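Please open the structure in a viewer and keep the selection panel at hand.

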Amino acid sequence: MTEQTPVTEASAVKVPTLPDAQTVTSVQHWTDRLFSFRVTRPASLRFRSGEFVMIGLMGDPDPKTGRQKPLLRAYSIASPSWDEELEFYSIKVQDGPLTSRLQHIQPGDEIILRPKPVGTLVHDALLPGKRLWFFATGTGFAPFASLLRDPQTYEDYDQVIVTHTCRDVAELEYGRQLIENLRSDELMLELLGEENLRKLTYYPTTTRETSPKMGRVTNLLTDGTLFADLGIEGISPDTDRAMVCGSMGLNTDLKEILEGFGLEEGANSDPKHYVVEKAFVG
Ligand code: A2P
């Protein structure tokens, strides 16, 4: 009679095949250009809501040496710092070196995640204020998906306004659902507080498809539409703080607009009135 080898816990654990491997737990496709996914979180990973990490996949083998190098890009963590998993929100670029492959991940697959969070879209980089603005285009919504689920966002401010500009209505859906969920999910209501959630205003706009509010947020800011719609007099360094995340064009244009209102750019080491980060593209 042979004795059966007991399955020990160690032998049942999946051995990572990649350096810094994390396992995909869910994937959701929003449009043919956008998807989000969740992965396991390394037990030792601490981050501040709004920060980004480098994630990716192993690149193709070098034709000469056969060696593979990791193909990594900066991705804002879209989940809040208290979440036990990590969430990411990504564009799909059909000929993009990483996202052409990353868009095909499935639950159970592994991705590489370098556990070194950094970034400027953090509360620490802003001076105290009364009103907080999040300005996003496209996948630039990701860091705000994290910050909007962080109680500190509501504790530190009297009002929180998130604007999201996308080409069409379908591209707003990830953000729209997230905000709807904040207001309807029992866990979120309990964590953030109903009173606190009343501080939140969501202002979605589209530029290429008809929707209730159309136009680039930059134009809506400069022509006064945004202020008129929200019943706000304007943006001032005395009361307003802002975080900006989108395309290079948005970031440059909004910087100029915010500086025109007298706001100054802050950093982790020198907190001021607004901060900017480029959304991952490609
Ligand atoms: P537009 O359709 O007028 O280019 P993308 O999907 O290309 O990243 O763009 C996301 C959204 O950001 C689009 O609605 C786009 O508007 C808008 N956008 C692009 N550049 C700017 C900019 N410089 N200022 C404001 N919005 C911008």
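Begin with the second largest pocket, whose volume is about 360 Å³. A pocket is an open set of points on a 1 Å grid over the protein atoms alone, where a 1.4 Å probe fits, with protein on both sides within 12 Å along at least five of seven lines; lining residues have an atom within 4 Å of a point. A volume is the space filled by probe spheres set on the points.

The model is predicted: local features need pLDDT of at least 70, side-chain atom pairs count only at pLDDT 80 or more, and totals for chains, interfaces and linings use all residues. Residues are numbered from 1 along each chain as its sequence is written, and side-chain values use heavy atoms, without hydrogens and water.

Select R38, E87, R149, L178 and N181, which lie nearest the centre of this second pocket among its 20 lining residues. Next colour α5 (173-184), which supplies the largest share of that lining, 5 residues. Helices are DSSP runs (H or I) of at least four residues.

Of its 23 lining residues, T137, G138, T165, R167 and S247 are the closest to its centre.

Display R208, where a polar side-chain atom lies 2.7 Å from an oxygen atom of the ligand. Finally, select L250: one of its backbone N or O atoms is 3.2 Å from a nitrogen atom of the ligand.

Conventions. A polar contact is a pair of N or O atoms within 3.5 Å; within protein, one must be able to donate a hydrogen and the other to accept it, and residues adjacent in sequence count only if both atoms are side-chain atoms. Helices (H or I, at least four residues) and strands (E, at least two) are DSSP runs, numbered from the N terminus.
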